[in-house]
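Please work through the following exercises with the sequence and the model open side by side.

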Amino acid sequence: MALSVAVYFVWTIFFMLTILDRLPDGLLDLDADQLFAVLKQPTLIHLQGDRQPSLFVSILLHGNETTSWLAMRELLRKYQNYNQNQRLPRSLSLFIGNVEAAQQRQRHLAHQPDYNRIWQMSPQPLPEQIMAQQVIAAMRSRGVFASIDIHNNTGRNPHYGCITRLDRDSLQLARLFDRNVVYYTSPKTVQSFAFGEFCPAIVVECGQPDLPDGTAHALAYVETCLNLESFANLPESAIADINLFHTVAIVKIPPELNFSFCANPNDDITFPAAMDELNFCELPIGTTFGKVKTENAYLLAIGEDGVEKSERFFAIQDGEIILKKSVMPSMLTLNEAIVRQDCLCYLMERLTS
């Protein structure tokens, strides 16, 4: 029995990633929840274009964030014949991530890790982490012009880009997407952090899934990057108007506490019903962040260094959670399942050059 388990584990590691040099027939006719029927597992597809090295694009790391596939499907339909007039302007390496979760339109399934938290090895690595290292190794060996990881939010947010480095190329890559740019250094297990070690890398947040403006924005951005000759040709003035923010903490709700956005009777904490309207609003000291109903209620605020810092950001006064510091939240969501799987929000501060 032990031997069969070990054999299965090794088989899973080495056969968890499919690498192709063409699009499977009919792939562009499928919706995100149908991809699993053809791909079965994470797939890296290398498509040749006029320029090298490749632009790397990762999509569907979260199976419920479908804008990425809608945008790439539309773009690839334009170029799918690869004839003289439709050849890709730059080679493209497309990583299609959690197709199993996409089948059920879930961020990830119960037996899976978060596919945007697998890009660094742990002491006892998961098969998904080893698969991610195979993707990294494959792309390092080919060279990468830039990396784009396309995501959605479940709450109401503007479109914005996230980078892990503040060098000129990374800032240029971000500004091509939007003026709002978030700089972060944690968690280090995400795809953009791993790729940022060897190329300009960005996460683009395209609003809520399936909305036409998010699809159009992602499509136009990827096509712009495919047509970009180099970052050196972009003027310095192009990044002068960036709104630059720094993520300083991730806010989580302790697993033992009950919460809602609709004042459930068993709540330990009740948050405002339209809380996601606070995303990208600079909130002053004293802003109410929620109401506590039990004396044990509290929030966790974990800094980029991994240290719990809730006392720096929050106080409880007269039954309310009050901000002790002026901050700007992002990724606030009203989806309770996403809050449990990931977080309530991130807290940001403005950076000035």
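**Exercise 1.** Which strands each supply at least two residues of the lining of the second largest pocket?

*Solution.* Before starting, note that this is a predicted model, in which local features need pLDDT of at least 70 and side-chain atom pairs count only at pLDDT 80 or more, while totals for chains, interfaces and linings use all residues. Residues are numbered from 1 along each chain as its sequence is written, and side-chain values use heavy atoms, with hydrogens and water left out.

Step 1: on a 1 Å grid over the protein atoms alone, a pocket is an open set of points with protein on both sides within 12 Å along at least five of seven lines, a cavity is a set of points where a 1.4 Å probe fits but cannot get out, and lining residues have an atom within 4 Å of a point.

Step 2: the strands in question are E9 (243-252) and E13 (300-303), where strands (E, at least two residues) and helices (H or I, at least four) are DSSP runs numbered from the N terminus. E9 gives the most to this lining, with four residues.

Step 3: the lining of the second largest pocket has 15 residues, and those nearest its centre are Ser186, Pro187, Ile250, Lys252 and Tyr346.

**Exercise 2.** Which residues lie closest to the centre of the largest cavity?

*Solution.* Step 1: the structure holds one cavity of 30 Å³ or more, and the largest cavity has a volume of about 430 Å³, a volume being the space filled by probe spheres set on grid points that are joined across faces, edges and corners.

Step 1: among the 31 residues that line the largest cavity, Arg117, Glu205, Met331, Asp342 and Tyr346 are the closest to its centre.

Step 2: strands E6 (160-163), E8 (201-205) and E17 (345-350) are the elements that give two or more residues to the lining of the largest cavity.

**Exercise 3.** Is Phe177 buried or exposed?

*Solution.* Step 1: locate Phe177 in the loop between helix H6 (168-175) and strand E7 (180-183).

Step 1: Phe177 counts as buried because its relative accessible area is 4%, given that buried means under 20%, exposed over 50%, and partly exposed in between (1.4 Å probe, protein chains only).

Step 2: leaving aside neighbours within four places in sequence, Phe177 is in contact (heavy atoms within 4.5 Å) with residues including Tyr160, Val204, Glu205 and Tyr221.

**Exercise 4.** How confident is the prediction along the chain, and where does pLDDT stay under 50?

*Solution.* Step 1: pLDDT is the predictor's confidence in each residue, from 0 to 100; the chain averages 93, and 94% of the residues score at least 70.

Step 1: pLDDT stays under 50 over residues 1-13, for which the model has six contacts beyond four places in sequence.
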